[in-house]
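Subject: Structure handover

Hello,

Here is the structure I promised to pass on. Please open it first, then read my notes below.

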Amino acid sequence: DFYLTDASGNILQHISKADKSDATFQPVNPTKVTDYTVYLIALDQCGNKGKSTPIIISASPSSVISLVQIKNDQQKVCLGGSLTFQNISTGGDRFTYTIYDADQKPITTIPGSLGDFNYTPTTPGTYYVSVTAGNNGCGDAAVSALKMFTVYPNPEPDFTYTLDNDYNVTFTNTTPDDGNTPASSLSYYWVFGDGATKNTTNAPELHHYDYEKSPFTVTLTATNLASGCIGSVTKTIEVKFLGNLYLPNAFTPSSTNSELNIFKAKGTQIKEWKMQVFNNFGQLVWETTKLDGNGSPTEGWDGTFKGVPVQQGVYVWQISATFINGTEWKGMSYNHSLPKRTGVIHLIR
C-alpha cells in the first residue's frame with residue numbers, strides 16, 4: 001500500500017498493489033509552498049506489516065501556465081488560408097496544441113513551441129484551439145482556455161458558353177451554392193480576355209469576339225461578401241472562323257420539298273463568289289454571284305435554261321469563292337475525297 005499525505009498527515013492518495021510494480025500518484029497542484037509525505041506499508045501472508053521510512057517532498061505552486069491566442073484575434077479564415085496561433089504560456093518547456101470540433105471534442109493534437117505557429121485548416125467548419133504547457137519538473141499545467149475560429153469554404157465558380165455564327169458568345173453561369181450561401185447571392189466579376197469592359201453581373205450579356213484574335217482567356221471570379229472568401233475559374237475559348245460552303249450532288253425540280261427542287265449552295269460569311277452550271281457540251285446554262293447580308297447564297301438553279309426545263313441527266317457545276325477573312329474556298333469534298341471546285345449535279349425528273 002502506497003500513501004501520499006499532506007503536511008497535516010491527511011491521506012491524499014492511496015494505491016494498493018498485489019505485486020512489486022511501480023505506483024504512480026496523480027499530479028497534485030499546490031497553491032502554496034508545502035510538504036508532502038510518501039511512504040509504503042508492506043503486508044506478508046501471515047499478516048505482518050512493515051512501514052518504509054517516509055520520504056518528504058517539498059513542493060511549490062507551479063509557474064507553468066498554459067495560454068494561447070490567435071494573432072490579431074482572427075476568428076475566421078477561408079479554406080486554404082492560415083491562422084497564426086501565438087503561444088503565450090509561461091514556465092513551460094514543452095507544448096501541445098489541441099484542435100477541437102464544433103462540439104469541443106478533440107480531433108487532433110500538434111506538437112508546439114514558444115512563439116507563433118501557422119495552422120492551415122483543411123475542412124470548412126467551426127473549430128477551437130487550446131495549448132497545454134508543461135515541464136519536466138512540474139508536469140503539465142491545466143489546458144488553456146479554448147479559442148474559437150471558423151473556416152469558410154471558397155466559392156467554386158464555373159460557367160459554360162455557346163458560340164453562334166456571328167461570333168457572339170453566350171455565357172451561362174453554373175456556379176453552385178457556396179455552403180449555405182446561394183449562388184445568386186455571390187458577387188461575380190468577369191474578364192473576357194479581349195480587353196473589353198469587365199462585367200460584374202451574374203449572367204453577362206451576349207459578348208462579341210473578333211475571331212482573328214482567338215483564343216481568348218476568360219476568367220470568372222466569385223466572392224462571398226459575407227465571408228470574404230474568393231474563388232475563380234479560367235477557361236480558354238477558341239473562336240474559330242465559321243465560314244463555309246456546301247454543295248449537294250442531286251436535285252429534283254418536281255419535288256414538293258423546297259429543299260430538293262432547286263440546286264442551291266449553302267454557306268455563310270462568303271465575301272464574293274461565282275457559281276456556274278454547264279451541260280455536257282460545256283454550254284453555260286446558269287450562273288449566280290448573289291449573297292445576302294450574312295454572306296450566304298440567295299439563288300439556286302431550278303433546272304431550266306432560258307426558262308425551258310432541261311433534260312434529266314448529269315450537269316457540271318463550277319465555283320470560285322472568297323470568305324470574309326480573305327481565305328479562298330478550297331472546294332467540295334465527297335466521301336473524304338480531295339476538295340474540288342468543280343463537281344457533278346444529278347438532275348432527276
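In what sense do β28 and β29 pair, and over how many bridges? They pair in the antiparallel sense, over six bridges.

Some ground rules. This is a predicted model, where local features need pLDDT of at least 70 and side-chain atom pairs count only at pLDDT 80 or more, while totals for chains, interfaces and linings use all residues. Residues are numbered from 1 along each chain as its sequence is written, and side-chain values use heavy atoms, with hydrogens and water left out. Strands are DSSP runs of E with at least two residues, and helices are runs of H or I with at least four; numbering starts at the N terminus. Two strands pair if DSSP finds at least two bridges between them.

**The five-stranded sheet**

β28 and β29 belong to an open sheet of five strands. Its order is β22-β29-β28-β24-β25, and the pairing is mixed. β22 (250-251) and β25 are the edge strands, each pairing on one side only.

Go through the pairs. β22 and β29 run parallel, with two bridges. There, A250 stands opposite H346 in β29. H346 is also the bridge partner of V314. β24 and β28 are antiparallel and share eight bridges.

**The core**

The largest nonpolar core holds 22 residues. Such a core is a set of buried Ala, Val, Leu, Ile, Met, Phe, Trp, Tyr and Cys residues joined through side-chain atoms within 4.5 Å. Buried means under 20% relative accessible area, exposed means over 50%, and partly exposed lies in between (1.4 Å probe, protein chains only). The residues with the most contacts inside this core are L245, L247, W301, I319 and W329. The elements giving two or more residues to the core are β24 (270-278), β25 (284-288), β28 (313-323) and β29 (342-347). β28 supplies the largest share, five residues.

Leaving out residues up to four places away in sequence, L245 touches several others, including I270, W273, I319, F323, W329 and M332. Contact here means heavy atoms within 4.5 Å.

**Salt bridges**

The structure holds six salt bridges. Each has a side-chain nitrogen of Lys or Arg within 4 Å of a carboxyl oxygen of Asp or Glu.

- E287 and K274 meet at 3.9 Å, N to O. E287 lies in β25 and K274 in β24, so the pair ties together parts 13 residues apart in sequence. E287 is partly exposed at 38%, and K274 is partly exposed at 35%.
- E259 pairs with K266, with the closest N and O atoms 2.9 Å apart. E259 is exposed at 52%, while K266 is partly exposed at 48%.
- E299 pairs with K290, at 3.3 Å between the closest N and O atoms. E299 is partly exposed at 26%, and K290 is partly exposed at 49%.

**The three-stranded sheet**

Another open sheet has three strands, in the order β17-β19-β20, with antiparallel pairing. β17 (187-191) and β20 (230-237) stand at the edges with a single partner strand each, so one side of each has no neighbour in the sheet. Neighbouring strands are turned by 15° against each other on average, direction ignored. That angle is taken between axes, which are lines fitted to C-alpha atoms (for helices, over the stretch in contact); angles run from 0 to 180 degrees between N-to-C directions. β17 and β19 are joined by five bridges. Y188 stands opposite A222 in β19.

**Backbone points**

Most residues other than glycine have a negative phi, and most peptide bonds are trans. What are the exceptions to look at here?

A cis peptide bond joins S214 and P215, with omega about 5°. P215 lies in the loop between β18 (207-208) and β19 (216-223).

N72 is not a glycine, yet its phi is positive, about 60°. N72 sits in the loop between β6 (68-70) and β7 (76-78), and is exposed at 71%.

Q104 also has a positive phi of about 60° without being a glycine. The loop between β9 (94-100) and β10 (106-112) holds Q104, which is partly exposed at 43%.

Best wishes
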